[in-house]
Every structure is written in C-alpha cells, then in structure tokens.
Amino acid sequence: MGEVRLEDVSKAYGGQTVVENLHLTVAEGEFVVLLGPSGCGKSTTLRMIAGLETVSSGRVMIGETDVTLASPSLRNVGMVFQNYALFPHMSAFDNLAFGLKAKRLPKAQIARRVTEVAQMLELEDVLRVRPKNLSGGQRQRVALGRALIRKPSVFLMDEPLSNLDANLRDHVRMELASLHRNLKITTLYVTHDQGEAMTLADRVVVMSAGRIRQIGTPEEIYNEPADTFVAHFIGSPGMNLWSFDAHGESLSTAESSSVVMHPSLLQDLPTSEAEIVIGVRPEHLELADFVETPGIRLAMEVELVERFGSHQLVHGKLAGVGHSIVARMPAELKFEPGSVRIVAADIGRVYVFSAGSGERLHVQARANEMYRAVDEAWGKR
Amino acid sequence: MSLSLRSRRTNVDNEQPSPTTRSWWRPSQFSESLSAYVLLSPALIIFFLFFFLPAGFLIYISFFHWGILSSATQFVGLRNFRTLIAQPLFLRSIITSAYFTVVMIPATVLLALAIAMLLREVVTARRGGAWRAAVFLPHVTPVVATSIIWVWIFNPQFGLANAVLRFLHLPALNWLESVHWALPAVMIDTLWHSLGLYVIIFLAGLANVPRELLEVASLEGAKRSYIFRRIILPLLSPTTLFVVILSTVNTWQAFSQIYTMTGGPHGGAGGPAFATTTDALLTYQTAFIYDHFSLAAAMSLVLFLIILSLTLIQKWVSNRWVFYR
C-alpha cells in the first residue's frame, strides 16, 4: 500500500514556520515532484514523510497507517540523498546489502537480492568497489539500489541528480523514468530543477515559502499557472510579468499605444482590482506580423541579444513604459540593440493576474470563449 | 610556507627565460624566504633550545658518566644500559608502567567514547556548551592541584572514596597506603583528569560522521547498536587511533599525579613498596634524588624507545582496522 497522504502538516523550528498546513495525496504508483526554490520547505516535507524530521502538527499517512510518530525504520520508505550518503567504508555490495543485513536475512537471500538489483542497475562489475572509486553515475545507482533492495512502499528522492554533470544528469533522468515505469513504486522527488520536474512527474507540486502554490500535471503547471510565482518560476526564462494600472492609460486598446491589449482581455476585469499583472511567456512572443489574433501587442526596445544557436533571447524594455521584457525568437531573425520592434502574443497566451494577491484572474477563460466565438464567426464567413 | 610561495612565483613569473632555472637566490625570492625564516625563528629557537638540544644532550650523556656538578665526563659506552638491565627495580618500573597503560588505554577510550556519545545528543541542545565545559574543565586545571584533592578523596579516614564504599556496604580501603590499591587510585585520578581532552576529540570525530549516513542507516531499518557498530565505529576509527596513541604516550609519561599522590612519603619514587613506581618516576628519582643523571638519561632513552615502538606497532596494526576517508 503505497499511497502517501499529508493532512494539514506543518513544521516549525523555534518560532519559524518552514512548512505550513500542507495537504497532499500521492496515489499509489504515482510519481510526484516537489518543486520550488531553495528554502521553500520541499526537502523538509520529504524528510517528514521519511520520519527524519518530526511533524509539528498534522498527520502523515502511508497507506492506511498513521506514521506521524513512527520511527523511520518502521515506515518502509527508501530514500536517495543529494550526496548519495553511501557508506564510504563499505563496498558497493555491502552498501546494497546494508538494510538486509541489518534485518538479519539469510546470507544466500541477501546475495540473491543484491545480484538482482545489481543486474537491474548494471552494477555487477563494481560490487567489490568502494564508493570512493566509483563514478558519479555508479554511486548514484548504488544509492538507488540500496533504497530499492528492500522493496519499499514509498520511494523518496532528495535532489538525486544535482551532483551529476549535465550529460550524465540527462541520462540518469531517463533511467529514473524507466525505472519508475517498470517498478511503479510511489515516488516523491524533490528538486529545484523544473526540467527534471516537467520530464519526470505525473504531477508537480510547486512550493514556495513553506506553502503549496499549485498542484497539477506538468502541462497544467505550464499552461495554467495559478499565480505569478508559478508563472515566473516555471519556464526558462520565466514568464514576463508586467504590472499596470487596470484603468490607466498605459494599458490601452488604442492602436497607437506601446502596449495594445485585445479589448476582450480588459472587458471583464473585476472592479476591485486597481492594479493587474499581465503575463506572457518569452516563447509565446512573436513578431507582430506573424500573430493572427494578438491578445497583446508590445513595442519592444531591444537592449541585448543572447544567441543560443537554436534560438535567441532578446532582452529589452517596453517602449514608453519601461518594464523589462524577454522574448525567445527564432535564431534567423535580426534584432539590433537600440531598435524598436513590435512583438505580440496570441490571445490565448496572455495571462492576467491580480497584482495584490498574485492569483490568476480567469478573464482569459472568458477571453478564450470569446476567441472561439470570433473564430467560429470567421469560419462562418 | 616559503616553499609554496617560491614555486608559485617560479610558475607565473615570465621574466625568467628558463623555467628550469632555480630562482630561489634571486633578491625578491631570497628576501621572501628570509622574512619567512625570521618570522619562524622565535618558535624555532625555543623548539631547538628546549626540545632538540636537551634531547640530543640526553642521548649524549646516556653513554657517559656525567654529573650535574662535576665538569668531568667519562665515556662508558653501554654500561649505563647494562646497569639498568641488571636492576630489578627498573624492570619492575617498566612492568608497572605497562600495567598502568594496559588498564588506562581501554578505560580511557571506552569511557571517553561513551561520554562523547551521550554528549553528542546534548551538545546541540541549549546547555550543550555547559556540558562540554564541565567535561573539559578537569583537564585544564593543574594536575598537582587536582591530585591533592584526590589525595583527600582517598584519605582512609575521612575521604569521600571510602564514604562511598561504606555507603555501598563495601569494605573501606587503604587506597594510597595499600600496595594493591595505590596504583588504581592514581589511575582513577588520571582518568578523571585526562578524560575531558579525549571526550572533546571524540566529539570532534563524531561531528565528522555525516548525518545522512546515520539517517540512511535508520531508514534501512538498522537498530542503534547496529548503526554504532557498523557505521559510527568504523568512521570514527582514525579518531580512535589518535586517542589510543595520545593516551599511550601520556600514560607512559605520566608523572605529576603519581608523584603528588604517592611520591612524597616514599622518597620521590612512588610507593608504598614501589607500587606506583613507573618508569618516569624512577627516572626522576634516579636523576634528582640519587644524582645519577647518566643512568636516568639511559632510562629516558629506553622509555622513548618503548613509546616509539608502541606507537609504530599501533600505527602498523591500525592499517587493518582504521578507515580513512
């Protein structure tokens, strides 16, 4: 029974709360990634599930068992640490066999299980080698194997790829994904790397300052960010966010303005919102001529161009407004620093947030409906 | 220090056409080395005057007949060493020293480690510093002063030690006046006085055992005793070796507490009936009570060779049980 349930879980050190009223259910066999910047409480959450940290309030359930007060050894969880935490004085074999030996299993059974796991993780040739003489990838696999060998009901990973170099990281990431596909162990995975989160997760939990900001599939997190934090944190670079006076002049529907909004996006703004935040992802900005139904059109004063070969990132300012803007553009287009270019994003790609709470204002949903209506009207014509 | 500075200069300096040319004599290099030696000289001079010179002189006079007040010296070869071997008291002093060491080392290591393990849990707590200070305090108090306190504690009539024994319905002991109990009494004092240092060393060693390893072990279902045996002890082995070597050296050289507690009434040689006469104490008595400096020098040399060989043996044996990360 590998379901994990956190019920109103909080953790405070002294007077400082690091995790606040967390509610999360991870279904059996699911791969959930806790994603957030350093110090957001994601590792603490993982450690509370493992039993390495006490819970200040709330309940931790694994399966149908309340493990809030249970010692780590009784929870049947396997954990992989950021630095692998391999026992340096033991061979790979002894590292893998540690948990089984601690449980005093018969030697033959231990040898059989170690061999199985070593075969699965391609570690047969290095079983007699100590961690010091293993490569980064091999250490990683020994740590994985040690956590897997006891067949835990929950698998916890705390930034397991962050000590690997970039190439190896990609490789091991794929291995982790296929391992999970084969074994179907409930997995909680902590990372600050959104790439890992997006590629590995069935669901992503975005955390900040000890709170869950959004839970959703990678697509939901990317396409429907719940607030400005998620919008900016997900994506590389993150979403452009510009705050405007909701009823002021800079946010205009007039063609001559430097920021031109589609009228439908401004129509149903709640009157309580004096200030709103408009968000557009850099990769959704295009030169205005190429956008059929622009939700927003912006005069961009180019300041700096970063070329990546496959694409380029154009940094600049909104002419006349001063907000900074980043646009991801095809590599073949030319952008001269100092020039002003008109860029735009499709109406479905423009997000509106409350400036006060940072929460998404769902005017866009209505805009989308309108957009579809317009489309249909065009189609009929 | 000067060496590394010199090599750094040689590598980066482009003025020198050939990198193979030694450039230590160049004015800038020379002044750098000179200033390094000038800065080091106070320590070097003190070290030479009070360590190397006496040690060298000691080796020298151990082969001579030499008196502190007479200028006449006479080369006697190995006669001092032959005299020593013929002396039953010298052999006995070595046995006493060995007994002292054999009891003290395991007691020191086990107790210090046990206290460090207990303190490890509390040092991070609120009054952790106070606990550490309490354990370390005996070590920084003068050994003569604390030994006098222990003489009172072991006083057969009104001492605390016998009060405790009486409380436990055990027979009172003569402690420092008893041939059998004088050395154990000195051991208790030595242990109490030295333990703090070893506890602090073990605490430092324990702090170096990564927390994650202990966490992994507990997640893997290992019990505390298993974690202690399989994780903590092996990772602590370099510290343990250090403590074993240090306590061996300190125990073989122990003098002040033995002299203070049992030396005075027994002509400075430890007693009763030479019960606490260790090698160090006999050396003192031979030199400063009986004025046989050459003989005492030979004893010191033998003591030095014993400690050196014990240390080398420990180092050699340690290859099998010490794990260096």
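This is a predicted model: local features need pLDDT of at least 70, side-chain atom pairs count only at pLDDT 80 or more; totals for chains, interfaces and linings use all residues.
Let's start with chain A. Its 381 residues include 52% that count as buried, and its secondary structure comes to ten helices and 19 strands. If you look at contacts with a separation of 6 or more in chain A, 67% of them are between residues 24 or more positions apart.

Chain B has 13 helices and two strands. Buried residues make up 42% of its 325 residues. For contacts in chain B with a separation of 6 or more, residues 24 or more positions apart account for 67%.

## Where the chains meet

At the interface, 23 residues of chain A are in contact with 18 residues of chain B. Between them the chains bury about 2000 Å², and 66% of that lies on carbon and sulfur atoms.

There are also two salt bridges across the interface of chain B and chain A. Arg150(A) pairs up with Glu220(B) in a salt bridge, with 3.0 Å between the closest N and O atoms.

## Helix 1 of chain A

Helix 1 of chain A spans residues 42–50, and eight of its nine residues are buried, so the rest of the structure largely encloses it. The buried set runs as follows: Lys42(A), Thr44(A), Thr45(A), Leu46(A), Arg47(A), Met48(A), Ile49(A) and Ala50(A). Just past the end of helix 1, Gly51(A) adopts a positive phi of about 90°.

Arg47(A), one of those buried residues, has a salt-bridge partner in Glu53(A), at 3.1 Å from N to O. Is this pair buried or exposed? Both Arg47(A) and Glu53(A) are buried.

## Other salt bridges

Over all chains, a search of the whole structure turns up 18 salt bridges. In chain A, a network of salt bridges links Glu3(A), Arg5(A), Glu7(A), Arg59(A) and Asp66(A). Arg5(A) counts as buried at 19% relative accessibility, because the cut-off is under 20%. Glu3(A), with a relative accessible area of 25%, is partly exposed.

Helix 3 of chain A (residues 107–120) holds another pair. Arg112(A) and Glu116(A) are four residues apart in that helix, so about one helical turn separates them. Their side chains meet in a salt bridge, 3.9 Å from N to O. Arg112(A) is partly exposed at 48% relative accessibility, and Glu116(A) is partly exposed too, at 39%.

Most residues other than glycine have a negative phi, and most peptide bonds are trans. With that in mind, a few spots in chain A are worth a look. Asn21(A) is not a glycine, yet its phi is positive, at about 45°. Asn21(A) sits in strand 2 (residues 16–26) of chain A, and with 42% relative accessibility it counts as partly exposed. Lys184(A) also has a positive phi, near 55°, and is a residue other than glycine. You'll find Lys184(A) in the loop between helix 5 (166–183) and strand 8 (186–191) of chain A.

Then there's a cis peptide bond between Ser236(A) and Pro237(A), with omega at about -5°. Pro237(A) belongs to the loop that runs between helix 8 (228–233) and strand 11 (240–245) of chain A.

## Inside chain B

Over in chain B, helix 6 (residues 143–153) packs against helix 11 (residues 256–263) at an angle of about 35°, and the axes are 9 Å apart. Helix 6 makes a right-handed crossing with helix 11 of chain B. On the helix 6 side, the contact is made by Val143(B), Val144(B), Ser147(B), Ile148(B), Trp150(B) and Val151(B), while helix 11 brings Ser256(B), Gln257(B), Thr260(B) and Met261(B). Sorted by type, the residues of this contact are six nonpolar, four polar and no charged.

Thr96(B) is part of helix 4 (residues 88–123) of chain B. With a relative accessible area of 7%, Thr96(B) is buried. Beyond its neighbours within four places in sequence, Thr96(B) is in contact with Leu183(B), Ala275(B), Thr276(B), Thr277(B) and Thr278(B).

How values were computed
Residues are numbered from 1 along each chain as its sequence is written. Chains are lettered from A and ligands numbered from 1 in the order in which they are written. Side-chain values use heavy atoms; hydrogens and water are left out. Buried means under 20% relative accessible area, exposed over 50%, partly exposed in between (1.4 Å probe, protein chains only). Axes are lines fitted to C-alpha atoms, for helices over the stretch in contact, and angles run from 0 to 180 degrees between N-to-C directions. A crossing is left-handed if the near helix is turned anticlockwise from the far one by less than a right angle, and right-handed if clockwise. Contact means heavy atoms within 4.5 Å. Ala, Val, Leu, Ile, Met, Phe, Trp, Tyr, Cys and Pro count as nonpolar, Asp, Glu, Lys and Arg as charged, and the others, Gly among them, as polar. Buried area is the accessible area (1.4 Å probe) that two parts lose on being put together, summed over both. A salt bridge is a side-chain nitrogen of Lys or Arg within 4 Å of a carboxyl oxygen of Asp or Glu.
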